[in-house]
Amino acid sequence: MAGGTPADLAPSVAVKLFSAGTAGCVADLVTFPLDTAKVRLQVQGESGFAPQGQAARYRGVFGTIYTIVKSEGPRSLYSGLVAGLHRQMCFASVRIGLYDTMKEVYSGGAEHAGILPRLLAGCTTGAMAVAFAQPTDVVKVRFQAQTRLPENSVKRYSGTLEAYRTIARDEGVRGLWKGCLPNIARNAIVNCSELVTYDIIKELILKYHLMTDNMPCHFTAGFAAGFCTTIVASPVDVVKTRYMNSVPGQYRSAVHCALTMQLKEGATAFYKGFVPSFLRLGSWNIVMFVSFEQIKRFVVRLQRSWDTSPGPA
């Protein structure tokens, strides 16, 4: 990312991968209830979630959280958390941790990369991350969309590992990569919006000496990245969530899912869950980027303290 101080110059790729994955997990722990509310609002309107003629069960982000807590208990807000943490260690580490490396590749090692190398780097690392993390994303979405069932009924999945096995057994290996193409599209958009916005805004803040390279700067750039990303990525995100959560045969493809939404629910369906998406992405970006910068610096300082410590006499 742009900027740097003597204490955090040139962290290795391994440090960036570890820092990004860990920061993604920290951000997920903080914002997971908002993500669950977003998923419930996005799938609302599908068969089984809001029957024709009945009032919507979930209204607004905080109303959705209240309804989930009241009817299912507070633990339901963290349904799918284990898969979410699996996802971040696979996903955030690749798409964020490798961004600077890919930016250098596309810019030919130039000190100040242009907008095109940044966009290409964001698209590349976003697509690479999906290839690693798609099964974890499928399981996470299905757990978050799963409402509490009546007494003595069988849950769709009883645990995270069992969910991986069940999907692979019932839907084949392809089931674990369900929605991979819309997810690649989504994450190319998200990565470009998120990382490029953060990178450019942080660079401008430091260039014009508006702030130093510390938490207020990271907070401001992270908030802006979350806002821009929500506007750009919401339609793709809704289609991805609907398609990944669907039962076999409900949609022929992600495009069919999008067309069905348009015909049955109208264009506003593509922005269902926008407020929780923004609250989640804004807060997630702030927590993630602040954590990423601090963890990265801490690991580099730790490495340097080991390198400079005197050996045994």
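Select Arg87, Gln88, Phe91, Arg95, Arg186, Asn187, Val190, Glu194, Arg280, Leu281 and Trp284, which line the largest cavity. A cavity is a set of points, on a 1 Å grid over the protein atoms alone, where a 1.4 Å probe fits but cannot get out, and lining residues have an atom within 4 Å of a point. This is a predicted model, in which local features need pLDDT of at least 70 and side-chain atom pairs count only at pLDDT 80 or more, while totals for chains, interfaces and linings use all residues. Residues are numbered from 1 along each chain as its sequence is written, and side-chain values use heavy atoms, with hydrogens and water left out.

The elements that give two or more residues to this lining are H3, H8 and helix H11 (274-308). Helices are DSSP runs of H or I with at least four residues, strands are runs of E with at least two, and both are numbered from the N terminus. The volume of the largest cavity is about 90 Å³, a volume being the space filled by probe spheres set on grid points that are joined across faces, edges and corners. Colour its lining by residue class to find four nonpolar, two polar and five charged residues. In this scheme Ala, Val, Leu, Ile, Met, Phe, Trp, Tyr, Cys and Pro count as nonpolar, Asp, Glu, Lys and Arg as charged, and the others, Gly among them, as polar.

Next, select Asp28, Asp35, Lys38, Arg87, Gln88, Lys140, Arg186, Lys240 and Arg280, the lining of the second largest cavity. The volume here is about 60 Å³. H1 and H3 are the elements that contribute two or more residues, and H1 supplies the largest share, three residues. This lining has no nonpolar residues, one polar and eight charged. In total, there are four cavities of 30 Å³ or more.

Move to helix H4 (residues 99-107), where the buried residues are Tyr99, Asp100, Met102, Lys103 and Ser107. Buried means under 20% relative accessible area, exposed over 50%, and partly exposed in between, with a 1.4 Å probe and protein chains only. These residues lie on the same side of H4, because they cover an arc of only 165° around the axis; the arc is that of the directions from the helix axis to the C-beta atoms. Their cover includes helix H1 (13-43), helix H3 (81-95), helix H5 (115-145) and helix H8 (180-207). After H4 comes Gly108, with a positive phi near 70°.

Now display the aromatic side chains, which form six aromatic pairs. Rings of Phe, Tyr and Trp (its six-membered ring) pair if their centres lie within 6.5 Å; planes under 30 degrees apart count as stacked, over 60 as edge-to-face and the rest as tilted. Phe32 and Tyr78 are stacked, at 6.1 Å centre to centre and 10° between the planes. Phe32 belongs to helix H1 and Tyr78 to the loop between helix H2 (61-72) and H3, so the pair ties together parts 46 residues apart in sequence. Phe32 is buried at 0% relative accessible area, whereas Tyr78 is partly exposed at 34%. The pair of Tyr271 and Phe274 is tilted, with ring centres 5.9 Å apart and planes at 55°. Finally, select Phe223, Phe227 and Phe278, a cluster linked by ring pairs.

Zoom out to the whole protein, which has eleven helices and zero strands. Of its 313 residues, 53% count as buried.

Notes: Contact = heavy atoms within 4.5 Å. 1 Å grid on protein atoms, 1.4 Å probe; cavity = no way out; pocket = protein on both sides within 12 Å on 5 of 7 lines; lining within 4 Å.
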